[in-house]
Each structure stands twice: as structure tokens, then as C-alpha cells.
Amino acid sequence: MRPSIVKAQPADVLKDASMIKQKEMMANHYNRLTSAHETGAKVASTFVPGNLNELIMCFDLVNNLPEVNAIQSGLRKQSGAYIMEAERAGHSEDVCTYVKSDIGMMMKGNIGPNGKKLPDPDVLLLSYTGCFTFLKWFELLREQYKCPTIFLQTPYMADGKVTPNMIQYMVKQLKEDVIPTLEKVSGVKFDIDRLREYLAKSAKAEDDLVYILQSGKNKPSPIDAYFGGIYYIGPIFGAFRGTDDAIDYYRFLREEVDQRIAAGLGPVTPDGPMGEEKYRLVVEGPPNYTHFRQFWKMFYDEGAIVVASSYTKVGGTYDYGFRHDPDRPLETLAEYCLGVYTNRSLPMRIDMLCDYINEYEADGLLINSIKSCNSFSAGQLLIMREVEKRTGKPAAFIETDLVDPRYFSAANVKNRLESYFQMIEQKRSSAGAAA
Amino acid sequence: MTQPTTSEIIARCEELYQDLNFTAARVWKEAKPGRKVIGYLPVYVPRELIHAAGMLPLGIMGGGDNLEVIHGDAYYQSYICRIPRSTIELGVSGRLDFVDGMLFPSICDVIRNLSGMWKMLFPEVYAKYFDVPQTYKDEIGGTFYIGEMREFLSDLEKIAGRKITDEQINTSIRVYNENRRLVNELYALRAAVPWQAPASEAYLVIRAGLLLPVEEHSRLLRQYIDAAKVEERPIKDNCKVVVTGMFCEQPPLNLIKSLELSGCYVVDDDFMLVSRWLIGDVPESGDPVYNLSQAFLHRSMSTAAKYEPNLEEKGQFLVRAVRDTGAEGVIFASTSFCDPALLDRPMLQNVLKAADIPFIAFKYAENSGQMQPIREQAGTFVDSIKLWSVA
């Protein structure tokens with residue numbers, strides 16, 4: 001099948017063929033998850049940053065990602081009620097809304113996006129990478145599910161480097177805690193060659209993912225690397241890394257992107273092909289999911305396109321060269337976890353955003369600061385100032401939340417964006433006048 | 001030498017507490033050429049290593065309620081706690097210009113990211129994110145922690161310009177063992193006779209230990225304990241409570257006083273955990289880094305910033321604190337926007353419910369000024385315990 005633009009459901013939303021394919025993959029995965037009891041499959045809950053999908057598959061476990069469930073609840077306008085349910089049960093209004101959405105969903109019967117009940121996990125793989133909240137989140141889930149919980153600690157890359165001590169620590173945890181417990185839970189013996197096979201497949205899909213993300217360097221950019229990027233990262237950050245499905249998907253997507261580059265086209269938005277590319281932005285921070293389309297529309301209506309984003313690196317910084325390496329199976333898993341965006345020090349994050357602005361020839365940096373995500377948000381005002389200083393490009397700051405609809409003020413966000421676009425225009429005019 | 005009274009000791013401690021220029025630490029540094037000061041944030045760093053390097057470990061617990069935050073607010077959104085912004089204020093206003101290094105312990109994402117901010121803002125100052133293991137097997141977490149401590153020691157050696165020997169570290173361990181014994185003695189005294197050593201006084205005495213050389217602080221502790229024991233003070237019909245959640249951003253002193261005024265005897269707490277993080281003595285001979293790692297892994301306090309691998313053990317530290325001190329209830333006092341404390345709170349409350357221990361909860365910031373709601377809430381809590389508790 002060749003890529004094309006197709007009409008999808010709901011009827012007024014346009015999607016790329018790759019988006020339809022991605023949606024089908026995700027739907028199939030949720031069906032696999034919700035039928036786990038019937039099929040006898042066992043379920044491992046884990047997180048996107050530090051997701052060890054290749055290892056999980058070695059034990060025939062099905063990967064369940066509570067963050068992705070919360071995102072799905074946000075997109076379906078269900079997270080608000082879930083969050084309030086959790087708050088009524090005693091969870092603070094101050095803390096991460098992914099956690100509260102997940103817990104609220106659990107309290108309301110744990111119904112997945114396909115309308116069926118999600119199974120209780122057989123094991124919680126607490127891969128503690130880049131976010132302190134993960135640690136508490138799985139303690140909360142453990143209290144509920146009372147299932148085995150495996151802790152894998154990823155040291156923080158505070159000094160901008162990976163030390164041998166960090167790698168040894170992680171490999172030891174994998175060898176002595178993670179793998180033996182997964183063997184016990186699943187009843188499947190660990191086969192390192194099976195892991196190598198999956199890792200080789202991961203690397204293939206990662207090559208194509210990088211090609212796709214870096215296509216944002218074209219003018220016009222054939223992709224939106226933030227809103228569209230959410231679709232693109234779904235399979236590889238979720239349950240498909242290491243599979244043939246992922247290889248096929250990213251090859252398909254790459255062809256689609258190549259067609260757009262050849263035709264000089266921008267990305268497809270929910271309202272149709274993107275019009276003239278007026279503003280090229282780099283975005284830092286996660287998006288808001290409760291008003292995803294409305295949020296995106298504020299950009300494409302103004303001709304603004306995101307050419308690179310940090311959020312599409314939370315599940316791996318492949319564009320900085322990392323590939324899963326089947327020749328060093330455990331070490332490569334450790335390096336993967338260590339390198340994810342939120343496990344990188346603030347100076348590393350600043351360097352990365354400056355690189356993006358320069359390499360993607362962006363007009364500036366936009367920070368979407370998320371109220372309930374300290375891992376991303378703490379320090380973003382300094383990031384903004386430093387990136388502005390180094391690149392000479394204007395930066396702007398908006399505030400929303402991941403999945404809490406109470407913290408999305410459309411008028412406020414729109415006003416700020418419009419002012420920001422004016423600021424870019426002024427900067428261009430003054431640059432033109434100076435030349 | 002005349003034994004000072006409690007009020008004299010407290011006046012001295014309060015002066016240290018109020019001094020946002022850290023004069024005592026500056027004086028210590030200036031007294032001898034080559035002296036260095038290493039600042040650290042909550043919750044825990046092995047101060048023994050800094051001491052062994054001949055340096056002064058200086059606890060930076062934010063700016064409290066007396067610091068006007070002007071620059072710090074420009075670095076943080078409104079939904080982030082106050083300690084990082086007041087710490088930045090201390091830095092950019094020059095109040096920490098004498099500090100030769102800063103440690104940012106692994107406690108939460110905000111303090112973690114602050115370590116990077118510090119590197120950006122003060123590139124000439126040594127800044128380290130001090131990572132600790134969250135897994136507690138000797139050969140896994142222990143080996144990692146030993147590696148981290150050795151790396152830190154190597155950094156200290158570069159700053160000090162000399163080697164740090166095992167003997168020097170063992171000497172420092174001895175000094176800190178003594179200090180911890182005295183801190184624990186003060187806590188035991190307060191739990192047994194809380195009217196003799198009120199929480200607001202104990203707080204100031206312990207807090208002084210973050211600012212003074214440890215040897216001086218141990219003398220001060222001894223003096224306070226001895227003076228508090230013999231002073232005649234009235235016994236009030238207060239309710240014994242354990243306070244939890246204050247392990248990072250510190251409460252304003254007025255908040256502790258308000259709890260006391262509303263009828264609480266605070267008999268245990270998690271203020272400034274660094275002072276008693278390690279439980280019991282650390283061996284004073286042998287490989288000191290190994291001994292410190294063993295103490296951290298197997299004999300250290302529980303707090304929200306630490307992973308509890310055993311579901312059955314989750315929150316039991318709080319139940320034990322209640323039982324050991326004879327407390328009648330628990331007050332969850334958490335900093336606004338504190339992820340570790342606020343995410344942990346529902347789990348701890350479930351444990352208390354199961355143990356039939358009453359509790360209340362409120363939030364605060366280090367600069368909270370309005371104490372009336374807290375007084376009313378705590379007062380009502382105390383009344384309800386007094387009126388309806390089975391005991």
C-alpha cells in the first residue's frame with residue numbers, strides 16, 4: 001500500500017495514511033491487552049522513558065503503559081473526571097495528573113480506550129528514568145494490585161556524561177533483579193539471543209524514525225514534529241519497539257514523508273494539508289492532550305509548524321546517534337535509559353534545543369510548560385533565557401497541563417501565541433532592515 | 001565555665017537561624033587561609049566526607065520566611081515549590097558567594113534540575129547532583145553508592161588540594177556519630193518530656209547544626225539537653241503528635257510554634273533529616289566508604305524521597321514513630337507542590353487508618369505567614385483526640 005491522505009473517523013478529521021495505520025496498531029495493541037485474560041497472556045506495566053520493550057517481549061509479556069492510558073483518557077475527554085475522582089479519594093491537586101488520571105480510571109473500573117476493561121498487571125516494571133514521580137506512581141499501583149514490583153534505577157546524567165559506574169549499576173540490576181523476576185513472573189526462561197534479535201529490529205526502525213524526525217529540516221517541513229510527532233513516536237515509544245510492525249510502520253511513514261518532500265508539501269493537519277509555512281518553531285515540553293486538536297489548530301491556522309521538539313525524545317534520543325545495539329544487549333538497554341531526554345541535565349537540554357534551532361533553521365523556541373510535570377518544567381524559564389541568548393531567536397512561554405482540562409485556557413494560550421508570532425515578524429523586519 | 005540557660009542557647013540558635021548571610025560560616029572560613037565551605041540541600045549527604053576534607057558542610061534549607069524573593073521568582077513558575085526559588089535568591093543575591101561547592105541530593109525532579117541550573121548560573125562553583133541508590137542490595141545499590149562516594153571524594157580532593165585518607169574519614173565518622181547520638185538524645189528527651197524541650201526550641205538547636213562546625217554543635221546540643229532537663233517548665237494538657245512531610249522545604253518557625261500554641265506536643269518529626277538520617281553509629285574503623293554505604297542501605301531513615309521495596313513495610317516507620325513516642329496522632333504537613341510528600345501521603349494515610357491512628361493534613365510554604373487556619377485545624381484535631389480517643 002502506498003501512502004495517501006485518507007478520510008478517517010470522525011468524519012471531519014483528515015489523517016495521513018500513516019496515522020490511520022498507527023491508530024490501527026494502537027487499537028490492536030489495546031485489544032491484545034484487554035483480551036490478556038482470555039489468551040492467557042501476562043501483563044507488565046511500565047513507563048515510556050526507560051521502556052524495555054525488547055526485554056519484556058523476551059518473556060512473552062504484554063506491555064501496558066499507564067502514561068499512554070492517561071493520554072488516551074485525555075484525548076477522549078475522560079481524564080478530567082478521573083482526576084477529580086482521584087482527588088476526592090485524597091490525592092493532592094498539586095501532583096502529576098497522569099498519576100491521578102490513571103488512579104481515577106482504575107477506581108472507575110479501568111476501562112481502556114477500546115471500551116473494555118484493562119487487565120490487572122502481573123508485574124510492575126518500575127523503570128525509574130528521568131522522573132521522580134514514577135517511583136511514587138508505582139508504589140501507589142503496587143498498593144492496589146499487590147503484584148511483584150521490579151525496580152530499575154537509572155542514574156541521572158547530571159554531569160552530561162555516562163560513567164562506567166552508572167552502566168555497571170544498571171547492568172547488575174538487569175542481571176540480578178529485573179531478569180530473574182521477569183523469568184519468575186512469566187515462567188519463560190531468558191534467552192539473550194531472542195533479546196539480540198529484537199534489539200536489531202529496534203535499530204532498524206530507529207534509523208527510519210530519525211530520518212522522519214530530521215525531515216523537519218526541509219523547507220517547508222513535511223512533518224509537524226510536535227503534534228504530528230505524537231503519532232510518529234507512538235509505536236516506537238510504546239509496545240512496538242523491537243517488532244516487525246514497527247519496522248514496517250516507520251518504513252511506510254518514511255515513504256509518506258519522502259513523497260511530501262518531493263512534492264514540496266507540508267504536513268497534513270486535521271483540517272487538511274497545511275497551508276503556507278510561515279513560522280518554524282522548536283517546542284520544548286509535552287503537549288496538552290485534553291484540547292489536542294484545538295491546541296494544534298492555533299498553530300496551523302497561523303501557518304506555524306513545529307520543526308523539532310524535545311517531547312519526541314522522551315522515549316529515546318535517537319537523533320543524537322543512539323541505536324539499540326544487539327552486540328551489547330544489556331549495556332545498550334542501560335544506555336538507552338540513561339539517554340532519554342528527561343534524564344539529561346539542564347545544560348544538555350539547553351544544548352539540544354539550541355542545536356535544533358540552528359540545524360532546523362527555526363524562528364524561535366516555544367515552551368509549553370506543564371503544570372504537573374516538574375521533571376520537564378522546573379528550570380524551563382532559565383532554559384528559555386539561555387536559548388534566546390545563545391541563538392538570538394525569540395522564545396515564548398505558555399502554560400497548560402497534560403491531561404487536566406482545568407489548566408487549559410484556550411484564550412490565554414491563543415493570545416500568547418499570537419503575540420509570539422508578532423514578535424517573530426518584528427524580529428524578521430528588524431533583521432531585514434538591518435541587512 | 002558557666003552552663004548557659006536554655007533561653008541563652010535558643011537566642012544564639014535563633015540568631016544563626018535568622019542570619020541569611022551565613023555569618024558564622026563566613027567567620028569560620030576566614031579564620032584560616034585555605035578553608036572551604038560546601039553547601040548542601042535536603043535531604044541527605046554524607047557530611048563525614050566533607051568534614052574529612054577539612055571543609056565545613058553547610059546546610060542550605062532555602063530562605064525561610066524572612067527572605068524577600070525578588071530574582072528567584074523569575075526562574076520558576078507559580079506551581080513549583082518555594083525552596084528552589086529562595087535558594088536561587090540566596091545565590092544570585094551574593095549570600096552564598098563564599099561557598100566553594102554545592103550539593104543537590106537526589107530527592108525530587110525540582111532539586112535535581114536545580115543542580116543543572118546552578119551549573120549554568122554559577123559556572124565557577126563546583127555543583128554536584130548527589131545521586132544515591134534506591135535499591136538496597138550490597139552488590140548492586142551498595143557498589144553504585146560506593147562508586148558515587150569515591151567520585152565525590154575525588155572531587156573534594158581536587159578542591160582541597162590534598163588526599164583524603166581513610167583515617168581522616170574514620171575520625172569524621174566518630175565526630176558525626178557523637179553528634180547523631182546527641183541529636184537522638186534530644187529527640188528522646190522531647191518525646192519523654194516535651195514540655196521541657198519544646199519542638200520550636202529543639203528545631204532551632206538542630207538547625208544550628210547545619211550552620212556550625214559539628215564539634216561546636218555537639219557542645220551546644222550537650223548544653224541544651226543538660227539545661228532543658230533541669231529547667232522548671234509547666235506541663236500543659238497538650239496532645240502528643242508526630243509531624244511528617246517537612247523533610248525538604250522547612251516550615252517557618254511560627255508554624256511549629258503555632259502547632260504548640262494550638263495544643264500539640266510535637267514528639268517526632270522529619271525536619272532536617274540529615275541530622276539523624278543514619279540510624280545508630282557507623283563503624284569507626286575499617287573501610288569508611290563501605291561503612292557509610294552499609295549504613296545508608298540498611299540503617300537509614302524512611303522518607304517519601306526514598307523507594308520502599310517492601311509493600312508490607314510501607315509507612316510502618318510512621319506507625320513505629322507513633323508507638324515509640326506515645327503520640328496520639330499524626331499531622332501531615334507538606335509543602336505545596338511537593339511531589340514526593342504529596343504523592344506519598346495517601347499511602348501513608350492508608351497505613352495509619354489500618355493502624356487506627358488519627359491524622360490531619362495541611363500544606364504550607366517556607367514563607368507562609370497566615371497561621372490562623374493551621375492553628376484552628378490543629379486545635380480541632382487535638383480537641384477531637386482529647387474528646388473522643390479511646391485512650
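In the predicted model, 31 residue pairs, both at pLDDT 80 or more, are in polar contact between chain A and chain B. The side of chain A that touches chain B comprises, by class, 23 nonpolar, 17 polar and 17 charged residues. In terms of contacts, 57 residues of chain A meet 55 residues of chain B. The two chains bury about 4,800 Å² between them, and 56% of this area is on carbon and sulfur atoms. Six salt bridges are counted between chain A and chain B.

One of the charged pairs is formed by A:D159 and B:K119, whose closest N and O atoms are 2.7 Å apart. Another salt bridge joins B:D344 to A:K136, with a distance of 2.9 Å between the closest N and O atoms. This pair crosses between chains, from helix α13 (residues 339–354) of chain B, which holds B:D344, to helix α7 (residues 133–145) of chain A, which holds A:K136. Both B:D344 and A:K136 are buried.

The side chain of A:D177 makes a polar contact of 2.5 Å with the side chain of B:K137. With a relative accessible area of 15%, A:D177 falls under the 20% limit and is therefore classed as buried. Apart from neighbours within four places in sequence, the residues in contact with A:D177 are A:I150, A:K172, B:K137 and B:I140.

Within chain A, strand β6 (residues 149–153) is mostly covered, four of its five residues being buried. Strand β5 (residues 123–128) of chain A runs parallel to β6(A) and is joined to it by five bridges. In this pairing, A:Y128 stands opposite A:Q153 of β6(A).

Over all chains, the whole structure contains 61 salt bridges. In chain A, A:R241 pairs with A:E54 in a salt bridge, the closest N and O atoms lying 2.6 Å apart. A:R241 lies in the loop between α10 (227–237) and α11 (244–263) of chain A, and A:E54 in helix α3 (residues 53–58) of chain A, so this pair ties together parts 187 residues apart in sequence. A:R241 and A:E54 are both buried.

In chain B, a salt bridge links B:E201 and B:R233, with the closest N and O atoms 2.6 Å apart. B:E201 belongs to helix α8 (residues 199–208) of chain B and B:R233 to the loop between α9 (214–230) and β5 (239–244) of chain B, the two residues being 32 residues apart. B:E201 counts as buried because its relative accessibility is 14%, under the 20% limit. Salt bridges with shared partners also join A:E87, A:K100, A:D404 and A:R406 into one network.

Notes: Residues are numbered from 1 along each chain as its sequence is written. Chains are lettered from A and ligands numbered from 1 in the order in which they are written. This is a predicted model: local features need pLDDT of at least 70, side-chain atom pairs count only at pLDDT 80 or more; totals for chains, interfaces and linings use all residues. Side-chain values use heavy atoms; hydrogens and water are left out. Contact means heavy atoms within 4.5 Å. Buried area is the accessible area (1.4 Å probe) that two parts lose on being put together, summed over both. A salt bridge is a side-chain nitrogen of Lys or Arg within 4 Å of a carboxyl oxygen of Asp or Glu. A polar contact is a pair of N or O atoms within 3.5 Å; within protein, one must be able to donate a hydrogen and the other to accept it, and residues adjacent in sequence count only if both atoms are side-chain atoms. Ala, Val, Leu, Ile, Met, Phe, Trp, Tyr, Cys and Pro count as nonpolar, Asp, Glu, Lys and Arg as charged, and the others, Gly among them, as polar. Buried means under 20% relative accessible area, exposed over 50%, partly exposed in between (1.4 Å probe, protein chains only). Two strands pair if DSSP finds at least two bridges between them.
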